[in-house]
Amino acid sequence: MTWWAALALLHALVFVPHPASHRAPALADMTPATEVLVLGSSHVAAGVIPGNMRRPTAVAAFGAMNYECMELVADQALRRAPHVGVVAIECDVLPLRMDSILHYNGDYSMLYALGVRLRDLPRNPYWKLKQALRESRALYPLFFMPRPTPRGIFWNDRWRDALRRDRESREFAGSRLEEPRLNPNNDGRVVVAYHRADMLPDHSSANQAALRRLIRRLRQEGRRVALVRLPHHATYLHAQPEEWERQVRALAAELQAEFPGTAYLDLFADAGFADEDFMDGHHLNRQGAARFTERLNAWLLETFGTGNR
């Protein structure tokens, strides 16, 4: 047992990726040449292909990113890409109701990959001090290692995925492992059930405030704002609570009234996307992403023209 404990500690300290290791590669696409920035959750990460965009585009997105985190990510992205003229923001129930900091329970490597630092997180100083201790190189593996067994140490999927992310670090850019066709075991009904649990408690008030601050700042800087709602599979549409749909529609309408000139593209229930365009109930596959990116391209050109500001 002593040897196994020593070996586990050595492996953890040497091989378990520390959050800081995710920082640099994920920021590579944000440069002074970038003209369009797209912010969102995994829907955006899976659904927008930056290389297919007609204007230089950076995608800043990860799993369950809410509007509080988008505000932080946008600040870092615009430091690196100061000439961005159009910012497209996902408009959906997940970033509206989710508490991303609570959801990820201390493991914020995906957020750090987009340039955000611990000191930026919307929490009090005492919480940040505890989190800093958890993220120290000595303690991080102890808090985030799934289970202290040989199989858990050497073969657990979480660490293989983390090591792959460390090498590629491209989830935010739409380049991610995926299923080519809709998985019936993870259709919209299953996804809605997960979302019901994930979005408790409802964090809408803080997220709406953050989104309004972000849009206000972008407009003050002379940048144009677009709200974008990505396609979801029909099984998700039929399974979601009516309250979610009302909440998203009301938010979009309020923002357009409060910030005149804010454009809105709603493809949530668009009939142009079929079963073969989805890998699960709420993520497009590569074929669907190519189709959506082309629609987004045409809409941005029609709405904002070719000028950057």
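## Helix packing and selected residues

Helices α12 and α14 are roughly parallel to each other. The structure is a predicted model, so local features need pLDDT of at least 70 and side-chain atom pairs pLDDT 80 or more, while totals for chains, interfaces and linings use all residues. Residues are numbered from 1 along each chain as its sequence is written, and side-chain values use heavy atoms, leaving out hydrogens and water.

**The α12/α14 pair**

Two packed helices are described by the angle between their axes and the distance between the axes. Helix α12 covers residues 204-220 and helix α14 covers residues 242-258. Their axes (lines fitted to C-alpha atoms over the stretch in contact, with angles from 0 to 180 degrees between N-to-C directions) come within 12 Å and cross at roughly 30°. The crossing is right-handed, meaning that the near helix is turned clockwise from the far one by less than a right angle.

Which residues of α12 meet α14? They are Ser 204, Gln 208, Leu 211, Arg 212, Ile 215 and Arg 216. On the α14 side stand Gln 247, Leu 251, Glu 254, Leu 255 and Glu 258. The residues of this contact divide into 4 nonpolar, 3 polar and 4 charged. Contact means heavy atoms within 4.5 Å.

**Chain overview**

The protein chain has 15 helices and 5 strands. These are DSSP runs (H or I of at least four residues for helices, E of at least two for strands). Of its 309 residues, 53% count as buried. Among contacts with a separation of 6 or more, 80% come from residues 24 or more positions apart.

Buried means under 20% relative accessible area, exposed over 50%, and partly exposed in between, with a 1.4 Å probe and protein chains only.

| Residue | Relative accessible area | Class |
|---|---|---|
| Ala 226 | 0% | buried |
| Glu 245 | 14% | buried |
| Asp 275 | 47% | partly exposed |
| Asn 105 | 54% | exposed |

Ala 226 sits in strand β4, residues 224-229. Val 87 is 139 residues away in sequence, yet the two C-alpha atoms are 6.2 Å apart. Beyond four places in sequence, Ala 226 touches Val 87, Ala 88, Ile 89, Ala 263, Trp 299 and Phe 304.

Glu 245 belongs to helix α14. With Arg 229, the side chain of Glu 245 makes a polar contact of 2.8 Å. Such a contact is a pair of N or O atoms within 3.5 Å; within protein, one must be able to donate a hydrogen and the other to accept it, and residues adjacent in sequence count only if both atoms are side-chain atoms.

Asp 275 lies in the loop between β5 (263-266) and α15 (286-304). Setting aside neighbours within four places, Asp 275 contacts Leu 182 and His 233. What distance joins the side chains of Asp 275 and His 233? Their polar contact is 2.7 Å. The C-alpha atoms of Asp 275 and Gly 288, 13 residues apart along the chain, are separated by 9.4 Å.

**Backbone geometry**

Asn 105 is in the loop between α5 (100-104) and α6 (109-112). Its phi is near 50°, a positive value in a residue other than glycine. Pro 201 lies in the loop between α11 (188-198) and α12. A cis peptide bond joins Leu 200 to Pro 201, with omega about -5°.

Methods
Parallel < 35°, antiparallel > 145°, perpendicular 65-115°, else oblique. Nonpolar A, V, L, I, M, F, W, Y, C, P; charged D, E, K, R; others polar.
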